[in-house]
Amino acid sequence: MSVPAIAIRKLVKRFGETTVLQDIDLEIPEGKVSCLIGPSGSGKSTLLRCLAFLEEATSGMITINGEALGFFEDANGRRERLPANQIRTVRTKTGMVFQQFNLWPHMTALGNVSEALKIVRKVPKAEAEERAMTQLRKVGLENRAGHYPSQLSGGQQQRVAIARALALEPKIMLFDEPTSALDPELTGEVLNVMRDLASDGMTMVVVTHEIGFAASVGQQISFLDHGRLLFSGPPAEIFAKPRHPRLEQFLDTYLDRGASMLA
Amino acid sequence: MMFDPQVIIEKLPEIASGLFVTLWLWIAGVLGGVVAGFVVATARRFGGTLVNAVLGAVVEVLRGTPFLIQIFLLYYGGPFVGLMLDPIPCGLIGLTVYSAAYYSEVFRAGYASVPIGHVEAAACLGMTRFQTISRIQVPEMALIVLPPAINLAVILLKESAVLSIITVPELTATVSAIGSQQYAFLEAIFILAIVYWIIVELTDRLGRMAENRLSRLRFSKA
């Protein structure tokens with residue numbers, strides 16, 4: 001058995017008195033698409049943000065390709081923060097795509113995608129832009145390279161954001177509800193780009209409300225509720241009847257949103 | 001008695017020297033204030049709660065008391081704590097510190113205007129805090145802080161007239177002295193108002209040009 005792309009062990013996250021994640025244990029295998037689903041407030045976005053180190057877990061440990069992310073915790077629960085440069089290095093093994101795109105408005109699409117290559121990897125400008133163009137081509141936007149985010153549609157912005165996250169050639173891509181801020185007719189183009197990535201063998205962790213996408217592209221489905229990971233497994237198993245009553249209840253609200261095929 | 005600005009305009013060389021002192025004190029005070037204000041805003045944002053509280057209190061005091069009183073305290077109160085300053089250095093320090101307090105608030109608002117997600121995107125790509133500030137936050141806030149920054153510069157130009165009371169030979173001091181000598185005080189004040197107004201107008205023009213340029217640069221070629 002090879003090292004999992006991501007291993008989450010006994011992860012706990014509290015905001016003050018509120019426990020948002022309780023003892024999460026999960027392994028995400030390399031090359032697989034793993035979808036996190038669950039109702040609002042279940043903690044799925046927080047879990048993903050912990051994987052991107054945008055939230056620091058209260059206890060527990062995360063490893064990315066076997067390397068500790070942010071904190072090292074020994075068997076006795078003694079926890080130690082890793083040095084900042086090491087955190088940055090491990091972080092760039094994952095690429096993050098946000099619900100709100102978060103493109104930098106003062107840079108063109110090409111500028112957004114090439115920026116980290118230039119200033120983090122110190123790649124010369126011409127080469128960085130060439131590599132950025134390759135990523136833009138991958139998301140079908142090479143003809144929009146000179147456009148500023150304000151000149152692009154939501155779907156195009158999200159595809160640029162995916163290209164930006166791919167620029168440093170991460171091994172793992174994290175998606176935080178990547179289509180939730182888009183009009184229904186624009187979600188398709190983003191989901192298609194994600195399908196392409198999946199078929200290229202990219203390890204992906206996707207927080208999504210697109211149950212149809214999760215069921216058809218996901219290879220591992222994890223269902224969270226009230227900060228707990230209720231269960232995790234391949235879609236055929238998870239969505240097969242009889243289902244867990246909590247999942248059944250959750251899916252009921254989705255029947256008219258692309259999950260009708262599962263009814 | 002007639003209103004005769006001519007008697008003042010005759011003293012043009014003296015007025016020019018006063019204007020020169022005002023201009024360089026003002027420009028130095030604004031530039032120093034921008035730099036120090038940015039450092040203060042950055043330290044408050046990233047330096048932890050203690051640094052934020054201490055600097056916040058200093059800024060509150062500077063913003064909460066009249067510039068006239070600050071200058072009095074610095075110039076006449078300074079010697080009591082061993083701080084003997086000539087009028088011009090005293091004026092320069094006073095103006096810089098005063099403007100730094102206000103500019104720090106401008107930059108504080110500037111930092112707040114950049115969506116947190118834009119900073120998170122930079123962090124995910126392995127950028128250091130310094131890289132994020134210089135490549136993302138500062139350029140993003142530039143367009144937003146420019147109008148209040150220019151407005152503040154205009155206010156500081158006019159506040160610099162206060163330095164006349166500690167005998168800095170700037171524009172107001174020079175022109176009102178001429179007015180007294182020539183028995184033409186009203187004319188002097190009138191000329192003074194016009195000169196300040198011209199500089200303010202020029203500053204506003206310059207500011208608007210910079211704004212247009214910046215927004216064109218940002219949303220130019222498609």
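Biologist: Where does Glu169(A) lie?

Modeller: Glu169(A) sits in a loop of chain A, between helix 5 (154-166) and strand 9 (172-176). Helices (H or I, at least four residues) and strands (E, at least two) are DSSP runs, numbered from the N terminus. Before we go on: this is a predicted model, where local features need pLDDT of at least 70, side-chain atom pairs count only at pLDDT 80 or more, and totals for chains, interfaces and linings use all residues. Residues are numbered from 1 along each chain as its sequence is written, while chains are lettered from A and ligands numbered from 1 in the order in which they are written.

Biologist: Okay. What is the phi of Glu169(A)?

Modeller: The general idea comes first. Most residues other than glycine have a negative phi, and most peptide bonds are trans. Glu169(A) has a positive phi near 50°, and this residue is not a glycine. Another case is Asn102(A), a non-glycine whose phi is also positive, about 60°. Look for Asn102(A) in the loop between strand 8 and helix 3 of chain A.

Biologist: Are those two buried or exposed?

Modeller: Count neighbours. A residue is buried if 20 or more other C-beta atoms lie within 10 Å of its own, exposed if 12 or fewer, and partly exposed in between, with C-beta atoms placed from the backbone. Asn102(A) is buried because 24 other C-beta atoms lie within 10 Å. Glu169(A) has 12 C-beta neighbours inside 10 Å, so Glu169(A) counts as exposed.

Biologist: Now the sheets. In what order do the strands of the six-stranded open sheet of chain A stand?

Modeller: Again, the idea first. Strands of a sheet pair through backbone hydrogen bonds, either parallel or antiparallel. Here, two strands pair if DSSP finds at least two bridges between them. The order in this open sheet of chain A is 8-9-10-3-11-12, and the pairing is mixed. Strand 8 (94-97) and strand 12 (228-233) of chain A are the edge strands, each pairing on one side only.

Biologist: Which strands does strand 3 of chain A pair with?

Modeller: Strand 3 of chain A runs parallel to strand 10 (residues 203-207) of chain A, with four bridges. One pair to find is Ser34(A), whose bridge partner in strand 10 of chain A is Val205(A). Strand 3 of chain A is also joined to strand 11 of chain A by four bridges, again running parallel. There, Ile37(A) has Phe223(A) as its bridge partner. Carry on across the sheet from Phe223(A): opposite it, in strand 12 of chain A, stands Phe231(A). Strand 11 (residues 220-225) and strand 12 of chain A run antiparallel, with five bridges.

Biologist: How many residues of strand 3 of chain A are buried?

Modeller: Five of its five residues, 33-37, are buried. Both faces are covered, with Val33(A), Cys35(A) and Ile37(A) on one side and Ser34(A) and Leu36(A) on the other.

Biologist: What is the strand order in the four-stranded open sheet of chain A?

Modeller: That one goes 2-1-4-5, with antiparallel pairing. Strand 2 (18-28) and strand 5 (67-68) of chain A each have a single partner strand, so one side of each has no neighbour in the sheet. Strand 4 (residues 59-64) of chain A meets strand 5 of chain A through two bridges, and Ile64(A) is the bridge partner of Glu67(A).

Biologist: What about chain B: how many helices and strands are there?

Modeller: Chain B has nine helices and zero strands. Of its 222 residues, 35% count as buried. Thr65(B) is exposed because its count is 12 other C-beta atoms within 10 Å.

Biologist: And how many residues of chain A are in contact with chain B?

Modeller: Two residues are in contact if their C-beta atoms, placed from the backbone, lie within 7 Å. On that basis, 22 residues of chain A touch 17 residues of chain B. On the chain A side, helix 2 (84-91) and helix 3 (109-119) are the elements that give two or more residues. Helix 3 of chain A gives the largest share, three residues. By type, the chain A side divides into 11 nonpolar, eight polar and three charged residues. Ala, Val, Leu, Ile, Met, Phe, Trp, Tyr, Cys and Pro count as nonpolar, Asp, Glu, Lys and Arg as charged, and the others, Gly among them, as polar.
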